[in-house]
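The structure is shown first.

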There are 8 protein chains.
Amino acid sequence: MTPDDLGRLIERLPFAQIDHLRPITQGHQEVIFCLGKTPGQVVAIAERLERATGSFLATRAEAAHRQALAHRFPRAEVSELGRTAYLAPDPEPAPTGRGTVLITTAGTSDLPVAEEAAVTARALGNRVERLTDVGVSGIHRILTQTDVLRSAAVIIVIAGMEGALPSVVGGLVKAPVIAVPTSVGYGASFGGLAPLLAMLNSCAAGVTVVNIDNGFGAAVAASRINHS
Amino acid sequence: MTPDDLGRLIERLPFAQIDHLRPITQGHQEVIFCLGKTPGQVVAIAERLERATGSFLATRAEAAHRQALAHRFPRAEVSELGRTAYLAPDPEPAPTGRGTVLITTAGTSDLPVAEEAAVTARALGNRVERLTDVGVSGIHRILTQTDVLRSAAVIIVIAGMEGALPSVVGGLVKAPVIAVPTSVGYGASFGGLAPLLAMLNSCAAGVTVVNIDNGFGAAVAASRINHS
Amino acid sequence: MTPDDLGRLIERLPFAQIDHLRPITQGHQEVIFCLGKTPGQVVAIAERLERATGSFLATRAEAAHRQALAHRFPRAEVSELGRTAYLAPDPEPAPTGRGTVLITTAGTSDLPVAEEAAVTARALGNRVERLTDVGVSGIHRILTQTDVLRSAAVIIVIAGMEGALPSVVGGLVKAPVIAVPTSVGYGASFGGLAPLLAMLNSCAAGVTVVNIDNGFGAAVAASRINHS
Amino acid sequence: MTPDDLGRLIERLPFAQIDHLRPITQGHQEVIFCLGKTPGQVVAIAERLERATGSFLATRAEAAHRQALAHRFPRAEVSELGRTAYLAPDPEPAPTGRGTVLITTAGTSDLPVAEEAAVTARALGNRVERLTDVGVSGIHRILTQTDVLRSAAVIIVIAGMEGALPSVVGGLVKAPVIAVPTSVGYGASFGGLAPLLAMLNSCAAGVTVVNIDNGFGAAVAASRINHS
Amino acid sequence: MTPDDLGRLIERLPFAQIDHLRPITQGHQEVIFCLGKTPGQVVAIAERLERATGSFLATRAEAAHRQALAHRFPRAEVSELGRTAYLAPDPEPAPTGRGTVLITTAGTSDLPVAEEAAVTARALGNRVERLTDVGVSGIHRILTQTDVLRSAAVIIVIAGMEGALPSVVGGLVKAPVIAVPTSVGYGASFGGLAPLLAMLNSCAAGVTVVNIDNGFGAAVAASRINHS
Amino acid sequence: MTPDDLGRLIERLPFAQIDHLRPITQGHQEVIFCLGKTPGQVVAIAERLERATGSFLATRAEAAHRQALAHRFPRAEVSELGRTAYLAPDPEPAPTGRGTVLITTAGTSDLPVAEEAAVTARALGNRVERLTDVGVSGIHRILTQTDVLRSAAVIIVIAGMEGALPSVVGGLVKAPVIAVPTSVGYGASFGGLAPLLAMLNSCAAGVTVVNIDNGFGAAVAASRINHS
Amino acid sequence: MTPDDLGRLIERLPFAQIDHLRPITQGHQEVIFCLGKTPGQVVAIAERLERATGSFLATRAEAAHRQALAHRFPRAEVSELGRTAYLAPDPEPAPTGRGTVLITTAGTSDLPVAEEAAVTARALGNRVERLTDVGVSGIHRILTQTDVLRSAAVIIVIAGMEGALPSVVGGLVKAPVIAVPTSVGYGASFGGLAPLLAMLNSCAAGVTVVNIDNGFGAAVAASRINHS
Amino acid sequence: MTPDDLGRLIERLPFAQIDHLRPITQGHQEVIFCLGKTPGQVVAIAERLERATGSFLATRAEAAHRQALAHRFPRAEVSELGRTAYLAPDPEPAPTGRGTVLITTAGTSDLPVAEEAAVTARALGNRVERLTDVGVSGIHRILTQTDVLRSAAVIIVIAGMEGALPSVVGGLVKAPVIAVPTSVGYGASFGGLAPLLAMLNSCAAGVTVVNIDNGFGAAVAASRINHS
């Protein structure tokens, strides 16, 4: 492509540049990260994406973002738990990924992050399964589920507190394991620093890590793997 | 397997338990992490692994570890740069991974971590290619290499300083990108904290991160992806 | 000047000392930093500055500060986005700086900091241009704008997340680059620590850094350069 | 006791005050912490303790401390691994604690801390057993040892890296579990901060924590429990 | 137990897995940690626990949690101070622990943590006593209470600010001492980091530490000791 | 004094122990630190102190504390700025300190801390003077005041931002200088960490430091010096 | 330029890519950062740069690097103090910058950083002057030098300890001020963190900051300003 | 004084400016801080100070500094323990301070910092006494010394580990208390951060703090108090 071609694929709004090259370079269109944007800006970006592809996904959508999007796009699916708004293509295509993305959580309090990951993984064309509340202090909860673990193509493991679950899961399977630390905890958790450091130091080789509470990023990584 | 079966697959030394279950559970045998072990302990573990499979890999091998291993296993390949010792199976089997693991470094000073990653990826059955010294301050160095980037199955991106390279690479490809921060830098690098935080906050979705200087972990994750 | 002369140029209020030496020493009068001051204190200081020079600039002005200033100085321009209140001299003089101050932002969420910088740069006598939402994960967005980048006398680069944009810009131009980390992000951003450290460790030589979210400071530095 | 009585139980050297009240208040005499003391000071304190009770224990004893103590007290047992010097009473009395103190380590590299704990626990009158190299990435290594775990009166769990082992052990037993983070690791371990934070955030209730590498403190706490 | 037996003891809700193995493995049933759970989820878990054993304990219960529990279980005892809800067995059995758990606080502001600890210790079958506002800056307040200190089987010491009290208490008694740092303080307390670090570095051997404000964890540890 | 005498000087409330020994040991009675106490607890403690000495001082008094105290003690002087409530003895005695305590602030935003210090210093019997808004970026503001600085017996220097003022003042006088960092600032101030570290590293020898925003502590230290 | 043109300007060594585009894009050729490179790698890069332009500059050159360069390029000027090796063009051209770069240091211990800055500034075509040991605790040392300060086009201010000097200098001049924190200090300096934070929070607007001990980066920024 | 007078009191060496104003402004001449200076620089500064006043004090003097000073000034008193070199005036004048500076240490390992403080306090004209190894874990060691504590004009309290001693001492006396945290400890001491934070959060009002291991600074502050 020439620089001019490139330039034409970037749509310039006063406050944003919509990058219509993404489907070519990264395999999927831009996702709207609502944090720090006004509801009006979010809707305007969603309109451009919907016009180009009939679909959009917005994450970190607070109540005002979600209301504005739901009002403008009545067909959009809005999740308060996961703080997402998703307008699926109509009709929604079958999953394109090779296998299943398994989303595993250590505790009930980690469910919002799991929801963000699940919506994202689905939007990117993946089949999603879940395993919930299987933290290591009751180790038999995960050990009685090794069949589920071993049938997944990629596993996202979400945990707050001491963040130990990815190390145990990483030792039980051959599949890639993506660890997501959460800000669940208090005191010396320091907003999720404790599980973040734990996961980065995992003794189970092959575990990779994303930012605290970043269910979105884990799902994109999982989808890249599931489509590779 | 019964608990007794499990027990028989664990070989107990006075200072270590060799876990011969790993090939079944994780897809490859244990790798020896030399840090904090005596050369004698390292050799003793290597002997058990060699006896079981004809091969071993040792990482974080300081001079004393490397000398002891080279003396006991003359056929082992020892790398001072990557601090590894690798005894390949004889004959060494062809790579089993689906595609190529591309190891990309931002600067010359990141080469030791790249070497650890390359040896590990090879030991785990992957074809390895490299792209060296393509940091973002001379952005055309990486941009003239997009073909190489796009032909890889998995990309490991190794960078110190501000750790920006994974964000640029992540935006140029569809493949999974594993970022490795290095301790290259000084002052406010705080031993690699700066690129670690940068990579965890990458605006390129789908980038996952491993510990500072952890070329080994990145390669294991890449191999899991390349074999999935 | 004698100590007595100096003393006469300092106007003492019960809660502040207005430093009328600043235009001589630093080239421009004091700017009112509203954080931690009451609206009444802010208005009182603004009155002294307006009396001395017919103009004032207030930054970090929260709603109560802005309302009090707008009420007392109806001609003042108030920006909610940039949290500024600016009373321009009447008539407003032409820019005195040598060239253009270019204000570049990585994402839409960085716009409040850009606004603070733009208002400040204008108040200090600079021509201002902008380049918005050109973060590195879609690298062609900035690469198609190198002409704009190269025509600026000074470039302010504002970025949250991993803070990589100044390194790319610094490698594309000869002009001074001032990097402003923002608190845009979450989790391991630690309130902007991640981009701050990244920018301090930039591999692009010649990048200097100001405090997190400090659009004001970046603009003052840019103005000093543009007037030197 | 009167203040004068108290005063008589404190033996004043120019550089230290030997506190002969400790057996009455805390149940055992002072232990010599060698860090930052000269070998001469350490020997002088050991002499006073030996004179009073026929025994002493020195921890954090570097080579120079160990040589000086071994030369002065040929009967003392010196451990290079655990950096301890112990002069047992002659004859050594039978253990006085109720049950067994089990010292568990996640990896081979944690053995120095385990040795310090073992020597200390023995010196304080406890029966000691060990379980070595049972980290969570090969979870069956610990699961096949639940009988050993459940027969202990107190369990000390020593782990570096992500520090996950105490959470798993804490979930398998009713006994008190004392977690010891170690500085084993690199990069984002930050000298043991990672396992320290993990252990403080353990989801297994009832786990308490001591300082990084503090095998001594864990053993004293275990002994207090075992004698209560 | 076979894996199937294990599986049957885990009750699967859509958002949680109730672990009915805990009384066997850890000696008491699960406690509900309300942080990050919805009131509905908390009530649903409480119902399963009540059905199984006639009792439950919920900690970190905010107003909404407490109201929902009080409405559903009118007999439950709700503490605003300690943020707990406790449904005692009816009739409540006599304490089963060997001795007394003494809960000591440095200042009045530490009382919420003490209350959480007291309710938990009682729920786990321990006799509880208290010593309040005996911080070290008025050292005679604790020194005139050494009889109370020495009669306890286990001592929980709760302190914010500089966290010095456990060191003084640890030097006065033979019993195990569990230190709880609190977030009481400001500035360089950094949310309780100051007393946390102080307690981890206590010069009084045998002091163990739990997370900041973790009265619950301290009580579980104390109960394990008191029942060992 | 016998232990019984000591015991009688401690007045035990259910939630606090009033230490009537303080005037003897520390030279002044207890001051009420309101943070974390209920208004009822604060009033109850104030009543005991007023009964014993006809006076009390409460710091960190939020609106609810201040209202409760003002209602119960109409004669008390309440400061919203300094968050204090002070019931002076009637009649208020003349200052007892040797000289003047000078309270110096770098900026207008530091005034709340200065107010807390001023009220405290007065309550402890000191003559107080002030120097306001003399930060180092307009260095002549402080240099034209060296006579005031040199006439003080003790100087309290309060500064946020970079906390440089104590170093300049410390170099201009012979008197003791107590530095108080404030949380005034944003971003890389990290809640006052920046001026705290700066003051601890002051190149002006003889500067000592108290906690962030701790005007109270600075005043007590100044009073001890002024009365020594 | 076409991608092929770009490609031809990048010289590929096995361990580095020499970027001959830099003179066009950034205004000067690459500088060799020796940290983490072998002496052989450094010499090889220097040879390519010398061949292209007759000149090179190497920074962070340890003894082995300096010896290798001095041996291969006898004409190179090697500085142990500044850890630099500079091969000037022959003949060395006159300075091309508009004015003078003034390098100011707070203390004698900051001289190594000043030397690195001075050599770099000269190599980039700037006239350099110095002001040494003018820290703020003896404020008249800098105040008697305001003429020197005001005659500079750009001022680099280098300081360790509390890093206050840039705030004072920034308030005395109109020129751009670049602050360099140094690792001079101990304890709560935390390797230069204290002055780094102080400088980022400077109350003197217009101060920008580079990494700890980064004399090189400050000089490149100053040169960009001096050539703009 | 005129600027010219000021200028004449500053003696300019190529690497330092000797500030002969200090006796007038701060009450004593400059002290040589050796860290980061060459032995030659230190000797050159010492010569100027000796010439002006017949005396000098050097702190943080490593072996090379001490040897150079001892060789050039045979009469100087050199302390390896305290890393000081002191050339007393001949004859040494009687102490000029009002009372005694008491230097108290928590443990034997704190003695080097105490030595630095003692030499400095003496050099500044103070009578010095010591109380050694009276840490809080054996609380009666300090309690039996309250007479000594109460007879001092100023108390310096030096402690590592948890840094609790200043809080206890501050509660026992009316005199000013200066707390010095030391780097004695390991692990979560983080180089003295633990006692530093503890001391800044002391519940004993009136305690002020200096940098970690800064015996010098504590002594200067004590001397200012003792001479005020």
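The sections below describe the basis of the model, a helix and an interface.

## Basis of the model

This is a predicted model, in which local features need pLDDT of at least 70 and side-chain atom pairs count only at pLDDT 80 or more, while totals for chains, interfaces and linings use all residues. Residues are numbered from 1 along each chain as its sequence is written, chains are lettered from A and ligands numbered from 1 in the order in which they are written, and side-chain values use heavy atoms, without hydrogens and water.

## Helix α9 of chain D

Helices are DSSP runs (H or I, at least four residues), and strands are runs of E of at least two, numbered from the N terminus. Eight of the eight residues of α9(D), residues 193-200, are buried, so this helix is largely enclosed by the rest of the structure. Buried means under 20% relative accessible area (1.4 Å probe, protein chains only). Among these residues are D:Leu193, D:Pro195 and D:Met199.

## Interface of chains H and F

Chain H and chain F each bring 34 residues to the contact (heavy atoms within 4.5 Å). Between them they bury about 2,600 Å², with 55% of it on carbon and sulfur atoms; buried area is the accessible area (1.4 Å probe) that two parts lose on being put together, summed over both. H:Lys174, H:Leu200 and H:Arg224 supply 24% of the area that chain H buries against chain F, more than any other three residues.

There are 18 residue pairs in polar contact between chain H and chain F, both residues at pLDDT 80 or more. A polar contact is a pair of N or O atoms within 3.5 Å; within protein, one must be able to donate a hydrogen and the other to accept it, and residues adjacent in sequence count only if both atoms are side-chain atoms. On the side of chain H that touches chain F, α10(H) gives the most, with six residues.

Terms used. Buried means under 20% relative accessible area, exposed over 50%, partly exposed in between (1.4 Å probe, protein chains only).
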